[in-house]
Every structure is written in structure tokens, then in C-alpha cells.
Amino acid sequence: MAIQRSAALLVMALSISYFSMAFAISGTATFYTTYVPSACYGFQDQGVMIAAVSDPLWDNGAACGRMYRISCTGRTNDGVLQPCRGGSVTVKVVDRCPSPGCQATIDLSQEAFSQIADPAAGKINIDYNQ
């Protein structure tokens with residue numbers, strides 16, 4: 001009985017993981033290092049697993065507090081040939097990355113970027129989902 005339950009839970013977890021990544025959206029990510037103040041939370045510390053989002057995701061501020069899971073899928077330049085470290089990172093939206101200065105879909109904290117890619121790359125291709 002316990003083995004059947006464990007097997008069922010494993011199948012369910014793998015299915016959720018597969019379907020959530022199957023519907024991921026492609027984009028790009030960069031990183032930033034000054035976290036406060038933020039457009040969403042002012043001077044309140046929100047930790048370091050955070051991100052700023054570009055105008056299409058910003059949604060007039062409705063993006064504040066949204067959580068995104070992000071995975072590195074490859075390089076965007078010739079600087080670092082294999083920037084991805086594998087795995088994914090989950091971040092909380094705390095800020096806006098406004099146009100025209102924003103150079104990516106999602107601007108990650110340096111700590112979040114470092115978990116999925118080599119910071120020397122500067123900019124990477126990503127898959128993300130909410």
C-alpha cells in the first residue's frame with residue numbers, strides 16, 4: 001500500500017514538472033545588483049531571490065509579488081559558450097525593468113542569475129513560467 005502511494009505521488013510530481021515546463025515561455029535574462037528601493041515594495045527587504053520584469057510582464061504593477069520559475073536554456077552571445085548551470089530558480093517580482101533601458105524579459109538579482117548561469121555571460125536565453 002505504501003509503495004503504491006509513493007509511486008502515485010512520484011508520477012504526479014513528474015507530471016506536474018513536465019507540464020509546467022512544457023508550457024514555459026522563452027525569453028532572456030540579465031541581472032542587477034541594487035535591490036532597494038523597488039517599485040513594488042519601496043525600501044522593504046524582499047530577500048535576494050527577486051527580479052524586475054520588462055514592460056510586457058509588468059502589467060501596470062500587477063506583476064508585483066508574482067513568482068516565476070526560470071531556467072537557463074543557452075547563450076545570447078559568444079562571451080561564455082556554455083553559461084547554463086542546470087536547474088531552475090524561483091524568484092519574486094519586486095521591480096520594473098523599464099524600456100528602453102531594459103535589455104531582457106526578466107532582470108534577475110545577481111544571486112538568482114548565479115544559480116542558473118555564469119554571471120560572466122551577462123545575458124542568457126531562458127524559459128520561464130509563473
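**Entry 1: the elements**

I began with the secondary structure of the chain, which comes to three helices and six strands, where helices (H or I, at least four residues) and strands (E, at least two) are DSSP runs numbered from the N terminus. I then followed the elements from the N terminus on, and they run α-β-β-α-β-β-β-α-β. I note that this is a predicted model, so that local features need pLDDT of at least 70 and side-chain atom pairs count only at pLDDT 80 or more, while totals for chains, interfaces and linings use all residues. Residues are numbered from 1 along each chain as its sequence is written, and side-chain values use heavy atoms, with hydrogens and water left out.

**Entry 2: the chain as a whole**

I looked up burial, where buried means under 20% relative accessible area, exposed means over 50% and partly exposed lies in between (1.4 Å probe, protein chains only). Of the 130 residues of the chain, 35% count as buried. The accessible surface of the chain comes to about 7,400 Å², and 56% of that belongs to carbon and sulfur atoms; these areas come from the Shrake-Rupley method with a 1.4 Å probe, and for residues only the protein chains shown count as cover. I also looked up contacts (heavy atoms within 4.5 Å), and among those between residues at least 6 apart in sequence, 79% join residues at least 24 apart.

**Entry 3: the disulfides**

I searched the whole structure for disulfides, meaning pairs of cysteine sulfur atoms within 2.5 Å, and three were found. With the bonded cysteines of the chain numbered in sequence order, the pairing reads 1-2, 3-4, 5-6.

One of them joins C40 and C64, whose sulfur atoms are 2.0 Å apart, and this link is left-handed, with -80 degrees about the S-S bond. C40 lies in the loop between β1 and β2 and C64 in the loop between α2 and β3 (67–75), so the pair ties together parts that are 24 residues apart in sequence. C64 is partly exposed, at a relative accessible area of 27%.

Another disulfide joins C72 to C84, with 2.0 Å from S to S, and it is left-handed because the torsion about its S-S bond is about -65 degrees. This pair links distant parts of the chain, with C72 in strand β3 and C84 in the loop between β3 and β4, twelve residues apart. I found C72 buried at 13% relative accessible area, whereas C84 is partly exposed at 30%.

C97 and C102 also form a disulfide, with their sulfur atoms 2.1 Å apart, and here the torsion about the S-S bond is about 110 degrees, so the disulfide is right-handed. C97 counts as buried at 7% relative accessibility, and C102 is buried at 15%.

**Entry 4: the salt bridges**

Side chains of opposite charge can pair when their charged atoms come close. I took a salt bridge to be a side-chain nitrogen of Lys or Arg within 4 Å of a carboxyl oxygen of Asp or Glu, and by this rule the count comes to three.

Which parts of the chain does the salt bridge of R96 and D55 tie together? The closest N and O atoms of R96 and D55 are 2.7 Å apart. R96 lies in strand β4 (residues 88–97) and D55 in helix α2 (residues 55–58), so the pair ties together parts that are 41 residues apart in sequence. R96 is partly exposed at 35%, and D55 is partly exposed at 28%.

R66 forms a salt bridge with D59, with the closest N and O atoms 3.3 Å apart; R66 is partly exposed at 21%, and D59 is partly exposed at 41%. The side chains of R75 and D78 meet in a salt bridge of 2.9 Å, N to O, where R75 is partly exposed at 37% but D78 is exposed at 63%.

**Entry 5: the aromatic pairs**

Rings of Phe, Tyr and Trp (its six-membered ring) pair if their centres lie within 6.5 Å, and planes under 30 degrees apart count as stacked, over 60 as edge-to-face and the rest as tilted. I found that the structure holds three aromatic pairs. Among them, F31 and F113 form a tilted pair, 5.0 Å centre to centre with 50 degrees between the planes. This pair links distant parts of the chain, F31 in strand β1 and F113 in helix α3 (residues 110–116), 82 residues apart. F31 is partly exposed at 26%, whereas F113 counts as buried at 0%. Y32 and Y35 form an edge-to-face pair, 5.4 Å centre to centre with 85 degrees between the planes, and both are buried.

**Entry 6: S38**

Is S38 buried or exposed? I found S38 in the loop between β1 (25–32) and β2 (50–54), and at 9% relative accessibility it counts as buried. Leaving aside its neighbours within four places in sequence, S38 is in contact with V94 and D95.
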